[in-house]
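Please open the structure in your viewer and keep the sequence panel beside it. Each stop of this tour names a selection and then describes what is found there.

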Amino acid sequence: MTDTSQTLHINGRSVSLPTGLFINGQFVDCKQGARFSVQDPATGKTLISIAEGREDDVDEAVRVARQVFDTGEWSASNPADRGALLNKLAHLMEQNKDDVIALECADTGKTIQQCSTLDFPGSVGTLRYYAGWADKVRGETSFNIPGTFAYTRREPIGVCGQIIPWNFPLMMFIWKIAPALVTGNTVVIKSAEATPLSALKVCELIAEAGFPPGVVNLVSGYGRTVGSAIAHHMDIDKVAFTGSTATGRAIMRAAADSNLKPVTLELGGKSPNIIFPDADIDSAVEWSAWGINMNFGQTCHAGTRIYVHQDVYDEFLAKFTDRMSQVTVGHPFDASTNQGPQNSQMQYDKILGYIDSGVKEGATVHLGGKAIDKGNGGYYIQPTIFTNVRPEMKIMREEIFGPVVAIAEFSSEAEVIRQANNTPYGLAAACHTKDYERAIRVTNALRAGTTWVNMYNFVHWSVPFGGYKESGIGRECGEAVLENYTHTKAVYFNMGIPCPKV
Ligand code: NAI
Ligand code: MG
């Protein structure tokens with residue numbers, strides 16, 4: 001049955017939103033008729049309820065995605081036409097910008113400021129970037145083997161399962177679908193149950209842009225049902241996931257237990273941020289504050305372990321504390337807000353639990369450390385700085401995913417590199433120094449997929465992004481991700497080579 005749109009009232013706007021699953025180019029009810037409610041983290045109240053997919057809906061979405069893939073209507077289409085459609089979607093997103101941003105902020109608690117300057121332009125920019133790749137993915141030829149010539153073709157993988165998290169719902173949706181679509185794959189994607197709204201709106205625009213039905217299918221729902229069904233599916237050819245390391249392991253296991261589909265994972269982090277004594281301290285303070293404040297710490301590459309050289313420790317700590325004290329915690333739609341509510345009750349409880357563990361393990365709460373009760377049920381937490389930390393403490397080892405940063409002192413470059421790398425994660429790392437030889441030495445030594453010099457939390461869609469160690473497998477963004485969405489096929493031609501004698 002076809003699902004109808006509902007109207008949401010957000011910050012003085014009326015935003016219409018389809019609430020069904022998006023399968024075969026239409027919004028439909030879940031086969032079992034299930035629905036689930038979606039919360040506003042600024043109040044803890046229900047915003048809307050939407051269709052909740054189950055395993056049989058995944059089966060239907062995969063069936064459709066397979067059928068479309070096999071016709072070649074998309075997979076063998078003129079790549080320039082696929083690029084044009086991605087550009088059209090980018091254009092429609094811009095035309096609907098205020099609605100998309102309103103939905104994203106109400107659903108996630110993101111500030112309107114961050115969403116307008118980062119999430120939204122990052123999503124549109126990614127679409128346009130991959131649109132440009134449409135007619136540039138190609139193979140190689142070899143005439144170096146006497147008696148033959150060979151060439152390679154880059155072919156789409158097939159039906160791609162994609163599972164995304166709640167911290168950057170719009171951007172992760174686009175990061176996932178854009179490279180998959182431009183290379184001719186079809187997609188079955190699951191949004192996060194905490195933040196499913198912007199994906200629904202974008203699917204409406206996908207239909208409006210004129211993508212062939214069934215090329216993109218969205219099954220909203222939970223990880224244990226929809227996510228698990230995607231990971232285990234025997235007719236999904238590849239799965240791409242962003243989220244926690246624990247769930248990443250479960251997805252890899254599911255792939256191994258089913259059809260050995262290739263898996264790419266973008267997982268958690270516990271990223272170090274190193275301040276050398278010759279750094280521009282004011283600039284290092286600013287970037288380090290952004291390192292934790294961006295999305296209120298709910299960022300996989302957040303700079304959660306700050307190491308400061310002993311010669312500048314007191315100066316850095318004083319200035320950093322002052323800077324973090326100026327962070328305005330408030331309602332996402334208030335233009336002066338720098339930090340909104342945390343994404344969910346689950347996340348709020350988890351962050352407060354980590355703060356408690358830091359105190360119990362003997363660290364000092366240097367700033368913040370408490371929830372903020374604004375009297376309206378929102379999940380607000382003070383920007384928090386821990387000092388007197390030791391490497392074995394939970395707050396130094398585990399991903400907190402909140403506005404909580406730990407600061408430690410160091411005395412030598414070799415020592416700080418050892419400490420920085422002393423983690424099972426390897427997503428990102430930064431150093432602040434004016435000595436560029438040191439910067440090259442240190443970034444070379446840091447075991448992380450993204451490193452920064454004199455900046456933090458800067459990720460551009462044109463540069464590969466991904467993790468070392470338990471932070472993931474494979475790269476997103478840049479040309480690198482196109483490898484994940486194409487098979488390379490070799491074709492040999494006989495140009496007179498004799499058949500070997502048997
Ligand atoms: P999660 O990794 O469980 O959720 C991410 C996505 O995976 C969601 O769409 C979820 O529905 C799905 N999922 C859950 N279980 C699944 C399963 N068995 N099979 C397939 N899909 C499944 O993360 P969660 O529980 O929402 O957050 C817990 C912690 O994970 C956070 O506090 C944070 O530390 C970390 N996290 C890291 C992210 C990152 O970008 N690195 C993003 C989200 C969470
Ligand atoms: Mg929500």
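## The magnesium site

Select the magnesium ion (ligand 2): it is coordinated by Gln39 (O), Asp107 (O), Asp107 (OD) and Ala194 (O), at 2.4 to 2.5 Å. Donors here are N, O and S atoms within 2.8 Å of the metal (3.2 Å for Na, K and Ca), and water is not among the atoms, so sites may look incomplete. This is a predicted model, in which local features need pLDDT of at least 70 and side-chain atom pairs count only at pLDDT 80 or more, while totals for chains, interfaces and linings use all residues. Residues are numbered from 1 along each chain as its sequence is written, chains are lettered from A and ligands numbered from 1 in the order in which they are written, and side-chain values use heavy atoms, with hydrogens and water left out.

Along the sequence, the spacing of the donor residues of the magnesium ion (ligand 2) is Q-x67-D-x86-A. Gln39 in strand β5 and Ala194 in the loop between β10 (186-190) and α6 (197-209) link distant parts of the chain, 155 residues apart. Helices (H or I, at least four residues) and strands (E, at least two) are DSSP runs, numbered from the N terminus.

Now colour these two residues by accessibility. Gln39 is partly exposed, with a relative accessible area of 32%, and Ala194 is also partly exposed, at 24%. The classes are buried under 20% relative accessible area, exposed over 50%, and partly exposed in between (1.4 Å probe, protein chains only).

## The largest pocket

Next, select Trp166, Glu193, Ser244, Thr247 and Met346, which lie nearest the centre of the largest pocket among its 50 lining residues. The elements that give two or more residues to this lining are β5 (35-40), α7 (223-232), β12 (238-242), α8 (245-257) and α11 (345-360). Of these, α8 gives the most, with 7 residues.

The volume of the largest pocket is about 1100 Å³. A pocket is found on a 1 Å grid over the protein atoms alone, as an open set of points where a 1.4 Å probe fits, with protein on both sides within 12 Å along at least five of seven lines; lining residues have an atom within 4 Å of a point. Grid points are joined across faces, edges and corners, and a volume is the space filled by probe spheres set on the points.

Where does the largest pocket lie? Domain 1 (5-267 + 471-489) and domain 2 (272-453) both contribute residues to its lining, so the largest pocket lies between them. The domain bounds come from an automatic or database domain assignment.

## The second largest pocket

Move to Leu118, Met171, Met294, Asn457 and Val459, which lie nearest the centre of the second largest pocket, lined by 25 residues. This pocket holds about 380 Å³ of space. In its lining, α4 gives the most, with 5 residues. Domain 1 and domain 2 both give residues to this lining as well, so the second largest pocket lies between them.

## A three-stranded sheet

Finally, select the 3 strands that form an open antiparallel sheet in the order β7-β8-β24. Two strands pair if DSSP finds at least two bridges between them. The edge strands, β7 (141-142) and β24 (486-494), each pair on one side only.

Begin at the hairpin of β7 and β8, which has 5 residues between the strands; Gly147 in the turn has a positive phi of about 85 degrees. Thr141 stands opposite Tyr151 in β8, and the bridge partner of Ser142 in β8 is Ala150. Then follow Ala150 across to Tyr492 in β24, which stands opposite. Between β8 and β24 there are 9 bridges.
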